[in-house]
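I opened the model to look up how its strands pair. My entries follow.

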Amino acid sequence: MEVAESPLIALAETCERHVRYSRDDIAAFARMTGDSNPVHHDAQAAQRARHGEIIASGQQTTALMIGLAASYFSRADDGHPRELLCLNFNFSFKAPVFAEQDLLLRWRVASVEWNVKLGGWLAHVDGTAGVAHAAPAVVGRGTLLVKAAA
């Protein structure tokens, strides 16, 4: 593994975004994605379930996490236009995400290496989503290919 520095992506580089879901946001996302689990839209069903109130679909938070990584690592606002391919993401759900919570989505570059075959920088990123002063509700790991824009 060859580790080098790049103006496109750096070891320990981070990006963050704050989000907050309303109950309506949660229900609309679940409907849009075909997730008919009543814990995402039916307050009574959610109260009977393990967590007691409406929870966000796991894919709602992971979609925003992937979007954050894709937007940040394909940016051009620093004078270094990039092309990005998201090669892989894996997520684990550790705790529910409830409506009206302030969530912090965060990615950190764990490793960067030049890949001759792909002609770009392979980066492994570690991500979390959660509320302040609590263990993450979602943890993730991704592999990105970052290249200078043609």
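The model is predicted, so I kept to its limits: local features need pLDDT of at least 70, side-chain atom pairs count only at pLDDT 80 or more, and totals for chains, interfaces and linings use all residues. Residues are numbered from 1 along each chain as its sequence is written, and side-chain values use heavy atoms, with hydrogens and water left out.

On terms, I noted that strands (E, at least two residues) and helices (H or I, at least four) are DSSP runs numbered from the N terminus. Two strands count as paired if DSSP finds at least two bridges between them.

I then followed β3 and β4, which run antiparallel and are joined by eleven bridges. They form a hairpin with four residues between them, and G119 in the turn has a positive phi of about 65°.

Next I looked up β1, which is antiparallel to β3 (residues 102–115) and joined to it by seven bridges. In β3, R108 is the bridge partner of T14, and D102 is the bridge partner of R20.

I put the whole sheet together: it is open, has five strands in the order β1-β3-β4-β5-β2, and its pairing is antiparallel. β1 (14–20) and β2 (82–93) are at the edges with a single partner strand each, so one side of each has no neighbour in the sheet.

Last, I checked helix α3 (residues 58–73), which lies across β1, β2, β3, β4 (120–130) and β5 (138–148) and runs at about 155° to β2. Axes here are lines fitted to C-alpha atoms, for helices over the stretch in contact, with angles from 0 to 180 degrees between N-to-C directions; contact means heavy atoms within 4.5 Å.
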